[in-house]
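Visitor: I would like to learn how to read some features of a model. Please take them one at a time.

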Amino acid sequence: MSQGPRSGLAAVSSALLAMSRHLEVRDVLKTIVASARELLDAQYAALGVPDDHGGFAQFVVDGVSDQQWKAIGPLPRQHGILAAMLQEAKAERLADVRKDPRFEGWPSAHPEMSDFLGLPIRDGDEVIGALFLANKNCPKPQGSCGFTQEDEELLGILAQHAAIALTNARLYERSRELTIAEERSRLAHELHDAVSQKLFSLRLTAQAAAALIDRDPSRAKGELHQVAALAAEAADELRAAVVELRPAALDEDGLVATLRTQIQVLDRAHTARVTFAGHGVKALPAAQEEAVLRVAQEALHNALRHSGAEHVDVTLDRRGSGAVLRVTDDGNGFDPQAIRRAGRHLGLVSMRDRTSGVGGTLTVESAPGKGTTIEMEVPGG
């Protein structure tokens, strides 16, 4: 056997071993893309996992810097060559993708690509992804593609195993989600029983204190002390349960990644453009991270459901050892004082409580027709 095929098989073997080491879907996707680019010696590689709405649930690239990726903008839609691979489920090998009649252009910040090799990733009859590479690092005679038939066959082998790795990762995550759901159901039952018992005792003790207040003030005072103790125990039970019910994504991915993922989902689900930018934020204590996430969710809900906004921008910036969350929309806006007088708080009370509970500050700037900005600052550890 010649040196070339041995090298190719060794590279495929290394790629398959790398994929088998990961169980998280995102890690598997990154490994597939990096392995494909290295295996075929290409400048760029990408893998898109389609959603059911004409876009991509996930899109991973290799060979593009973070700055380039940010400048490119939103995730691509299912069109052009990408759509062809997803719909026709066959490989595409092109000398110049820009000259293909199905090519529909790309954003101005997108790198220039010429020769192209792409193929679907299939699980049985279902297409679960599209893997493609561009700009083979080799001399290319005029009008010819740098990617060869051998490259296509190697990528096909990789794609078959990528389908297995991706399916296994999905099954693992689904199993973990079910485990988390079962655990949360258990905690909910325990919380209900424990707090219900505390509140029942609290009510009886309060009633006893009320009955004694006139004829035996001293005993009534003792009963009221017991009320305070029972209330403190109930609050401790609730706090402990809240810690256990902390969103799993925060523990696994961190605050910035969790916010980015949730905002990408909202951007696809709503007509309004929803964007996120995070700058230099370090890990915060668990309570602060959860409070920031919950306030962001509440502010986004208000902006997308009630404001009529066309654009909602979310930023998370470092400030000292803490962080500042800012949610800005160009919607209808409102008069905060009038809202407060009318008793309609749009979740502001909840956001203020969450913020103050972690030692932070919340400010709301809004006016009719001027949009709304909600800013939350929290301290670090």
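Visitor: What should I know before reading any values?

Guide: This is a predicted model, so numbered that residues count from 1 along each chain as its sequence is written, and local features need pLDDT of at least 70, side-chain atom pairs count only at pLDDT 80 or more, while totals for chains, interfaces and linings use all residues. Side-chain values use heavy atoms, with hydrogens and water left out.

Visitor: How many helices and strands are there in the protein chain?

Guide: Helices (H or I, at least four residues) and strands (E, at least two) are DSSP runs, numbered from the N terminus. The protein chain has 11 helices and 10 strands.

Visitor: What share of the residues is buried?

Guide: Buried means under 20% relative accessible area, exposed over 50%, and partly exposed in between, with a 1.4 Å probe and protein chains only. Of the 381 residues in the protein chain, 38% are buried.

Visitor: In which sense do S6 and S7 pair?

Guide: Two strands pair if DSSP finds at least two bridges between them. Strand S6 (residues 273–279) and strand S7 (residues 311–319) are parallel, with 7 bridges. Arg273 stands opposite His311 in S7. From S6 the chain passes through helix H9 (residues 286–306) to S7, and this β-α-β crossover is left-handed. For the term, a crossover is right-handed if, with the strands pointing away from the viewer, the path from the first strand over the helix to the second runs clockwise.

Visitor: Which strands pair with S8?

Guide: S7 pairs with S8 in the antiparallel sense over 8 bridges, and S10 (residues 372–378) is joined to S8 by 7 bridges, also antiparallel. Asp329 of S8 is opposite Val312, and its bridge partner in S10 is Thr372. S7 and S8 form a hairpin with 2 residues between them, and Gly320 in the turn has a positive phi of about 65 degrees. Strand S8 (residues 322–329) is mostly covered, with 6 of its 8 residues buried.

Visitor: What does Lys136 touch?

Guide: Lys136, also in strand S5, touches Leu40, Asp41, Ala42, Asp115, Gly146, Phe147 and Asp151, not counting residues up to four places away in sequence. Lys136 is buried because its relative accessible area is 13%. Lys136 and Arg37 are 99 residues apart in sequence and 9.1 Å apart in space, C-alpha to C-alpha.

Visitor: How should I read the second largest pocket, and what is its volume?

Guide: On a 1 Å grid over the protein atoms alone, a pocket is an open set of points where a 1.4 Å probe fits, with protein on both sides within 12 Å along at least five of seven lines; lining residues have an atom within 4 Å of a point. Grid points are joined across faces, edges and corners, and a volume is the space filled by probe spheres set on the points. The second largest pocket has a volume of about 510 Å³. Its lining has 27 residues, of which Pro76, Leu82, Trp106, His110 and Phe132 lie nearest its centre.

Visitor: Which classes make up that lining?

Guide: Ala, Val, Leu, Ile, Met, Phe, Trp, Tyr, Cys and Pro count as nonpolar, Asp, Glu, Lys and Arg as charged, and the others, Gly among them, as polar. The lining has 20 nonpolar, 4 polar and 3 charged residues.

Key:
Contact = heavy atoms within 4.5 Å.
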